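Please open the model in your viewer and keep the selection tool at hand.

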Amino acid sequence: MHHFFADTEQIGEKEIHITGSDVNHIRNVLRIGPGEQISVSDKNAVTYRCEVTRLEESCVTAKILWSQEADTELPSRVVLFQGLPKADKMEFIIQKAVELGACEIVPMATRRAVVKLDAKKAEARRKRWNAIAESAAKQAKRTIIPEVKPVTAFAEGVRYASEMDRKFIPYELAPRGMEATRAAFEAIRPGDSIAVFIGPEGGFDEREIELAQQEGILPITLGRRILRTETAGMAVLSALMFQLEK
């Protein structure tokens with residue numbers, strides 16, 4: 001069943017009125033017609049099962065059949081701080097991070113990042129990245145659309161994470177082994193906010209690791225193998241999903 005999002009003002013007592021780009025997607029791409037069912041989520045984590053009743057040029061109207069509080073979100077806010085990778089890897093990372101439960105993705109310009117974006121390119125990329133996040137959220141039946149934040153410097157990302165409860169930075173030279181990583185993950189409790197810092201292809205610079213440690217971000221290992229940047233974040237998010245979701 002296809003899943004969509006609606007603002008609170010679009011949801012009435014008996015009907016939901018879907019507007020914006022989803023109208024064209026419903027009418028001309030998915031070719032959903034009257035009588036077919038869809039699901040819709042609002043910002044209050046309520047999911048509605050609906051039946052499409054009317055398709056107009058700028059609005060799709062759906063009758064509410066029933067609603068329930070959704071339980072597709074992790075019990076913790078997880079933010080992925082991702083060093084900018086090359087090519088289209090960022091699109092893949094965003095898609096999978098949203099599927100695995102991340103609430104925000106913060107792209108970071110790090111010392112060893114090959115990709116350098118000026119303000120105009122960064123904003124254009126961000127629009128594309130947020131569209132990918134929305135599409136992934138619909139596919140995964142999330143109740144929120146995770147936001148991709150503007151590209152930020154590593155130090156700014158560290159400051160942004162300063163108030164979060166648990167902060168991890170996978171690092172190939174982390175002084176402790178997998179038992180320490182396991183213990184750190186097992187100490188997480190539902191409701192804790194979690195920051196995950198992932199380096200670009202060249203990894204983090206030693207000065208970045210030092211800054212992270214000074215700000216209470218814990219270096220962890222992900223095992224004896226060196227993971228690609230597009231794999232490392234998924235490994236951490238998968239482990240967190242299994243730890244947090246009951």
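In what follows, Ala, Val, Leu, Ile, Met, Phe, Trp, Tyr, Cys and Pro count as nonpolar, Asp, Glu, Lys and Arg as charged, and the others, Gly among them, as polar. This is a predicted model, in which local features need pLDDT of at least 70, side-chain atom pairs count only at pLDDT 80 or more, and totals for chains, interfaces and linings use all residues. Residues are numbered from 1 along each chain as its sequence is written, and side-chain values use heavy atoms, with hydrogens and water left out.

Select P170, E172, I226, L227 and A232. Of the 21 residues that line the largest pocket, these are the closest to its centre. A pocket here is an open set of points on a 1 Å grid over the protein atoms alone, where a 1.4 Å probe fits, with protein on both sides within 12 Å along at least five of seven lines; lining residues have an atom within 4 Å of a point. The volume of the largest pocket is about 390 Å³, counted as the space filled by probe spheres set on the points. Its lining has 10 nonpolar, six polar and five charged residues.

Next select F4, H25, L30, S135 and K138, the closest to the centre of the second largest pocket among its 13 lining residues. This pocket holds about 220 Å³ of space. Its lining comprises three nonpolar, seven polar and three charged residues. Helix α1 (21–29) gives the most, four residues. Helices (H or I, at least four residues) and strands (E, at least two) are DSSP runs, numbered from the N terminus.

**Strand β3**

Now select residues 37–41, which form strand β3; four of the five are buried, so the strand is largely enclosed by the rest of the structure. Buried means under 20% relative accessible area (1.4 Å probe, protein chains only).

What does β3 pair with in the parallel sense? Its partner is β1, over three bridges; strands pair if DSSP finds at least two bridges between them. F4 has V40 in β3 as its bridge partner. With β4 (residues 46–55), β3 pairs in the antiparallel sense over five bridges, and Q37 stands opposite E51 in β4. Four residues separate β3 and β4 in their hairpin, where A45 in the turn has a positive phi of about 65°.

**Cysteines**

C50 is buried at a relative accessible area of 0%, and C59 is buried at 13%.

Note on methods. Buried means under 20% relative accessible area, exposed over 50%, partly exposed in between (1.4 Å probe, protein chains only).
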